[in-house]
Amino acid sequence: MSQLEPQPPPVGEEIHLPPPTVVPALTAVGITLTLIGLTTFIELTVIGAVLTVVCVISWIKTARAELEELPLD
């Protein structure tokens with residue numbers, strides 16, 4: 001930083017970021033397989049629907065666990 005730029009404010013609280021995960025990508029794959037399966041093979045629809053449901057349940061459980069770990073104030 002140069003002397004002409006103002007100093008940034010002091011650090012307040014830490015920003016919470018969720019850990020990296022592959023669940024959103026797998027959810028998208030499951031939805032895609034479900035939609036493709038509707039027009040082609042019923043097996044793809046079943047596999048995609050199961051994958052989507054499992055991923056969404058996992059995503060919700062992880063989000064709830066992370067929410068419980070956050071401070072109340």
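I began with the buried residues of α2, which are Thr45, Gly48, Thr52, Cys55 and Glu66; buried means under 20% relative accessible area, exposed over 50%, and partly exposed in between, with a 1.4 Å probe and protein chains only. This is a predicted model, in which local features need pLDDT of at least 70 and side-chain atom pairs count only at pLDDT 80 or more, while totals for chains, interfaces and linings use all residues. Residues are numbered from 1 along each chain as its sequence is written, and side-chain values use heavy atoms, with hydrogens and water left out.

**Entry: the whole chain**

I found two helices and zero strands in the chain, taking helices (H or I, at least four residues) and strands (E, at least two) as DSSP runs numbered from the N terminus. Of the 73 residues, 14% are buried. The accessible surface comes to about 6,500 Å², and carbon and sulfur atoms hold 71% of that (Shrake-Rupley method, 1.4 Å probe; for residues, only the protein chains shown count as cover). I also looked at contacts (heavy atoms within 4.5 Å): of those with a separation of 6 or more, 41% are between residues 24 or more positions apart.

**Entry: α2**

I checked the length of α2, residues 42-69. Its 28 residues should span 40 Å at 1.5 Å a residue, and the end C-alpha atoms are 41 Å apart, which agrees; the expected span is 1.5 Å times one less than the number of residues. Among what covers the buried residues of α2 is α1 (23-39).

**Entry: Glu66**

Which residues does glutamate 66 touch, leaving out those up to four places away in sequence? I found His16, Pro18 and Pro19. Glutamate 66 sits in helix α2 and is buried, yet it has no salt bridge (a side-chain nitrogen of Lys or Arg within 4 Å of a carboxyl oxygen of Asp or Glu). The nearest side chain of opposite charge is arginine 64, 12 Å away; Lys and Arg count as positive and Asp and Glu as negative, with His and the chain ends not counted.

**Entry: α1**

I turned to α1, whose 17 residues reach 25 Å from first C-alpha to last, close to the expected 24 Å. Its buried residues are Val23, Thr27, Gly30, Thr34 and Gly37. They cover an arc of only 95° around the axis, which puts them on the same side of α1; the arc is that of the directions from the helix axis to the C-beta atoms. An α-helix has 3.6 residues a turn, so residues three or four places apart point the same way. On the other side of α1, I noted Leu35 and Thr39 as exposed. What covers the buried residues of α1 includes α2.

**Entry: two pairs across the sequence**

Leucine 51 lies in helix α2 and counts as partly exposed, at 25% relative accessibility. Leucine 51 touches Leu26, Val29 and Gly30, not counting residues up to four places away in sequence. From leucine 51 to threonine 27 I read 7.0 Å, C-alpha to C-alpha, across 24 residues of sequence.

Threonine 21 is in the segment before α1 and is exposed, with a relative accessible area of 51%. Threonine 21 and tryptophan 59 are 38 residues apart in sequence, with 9.4 Å between their C-alpha atoms.
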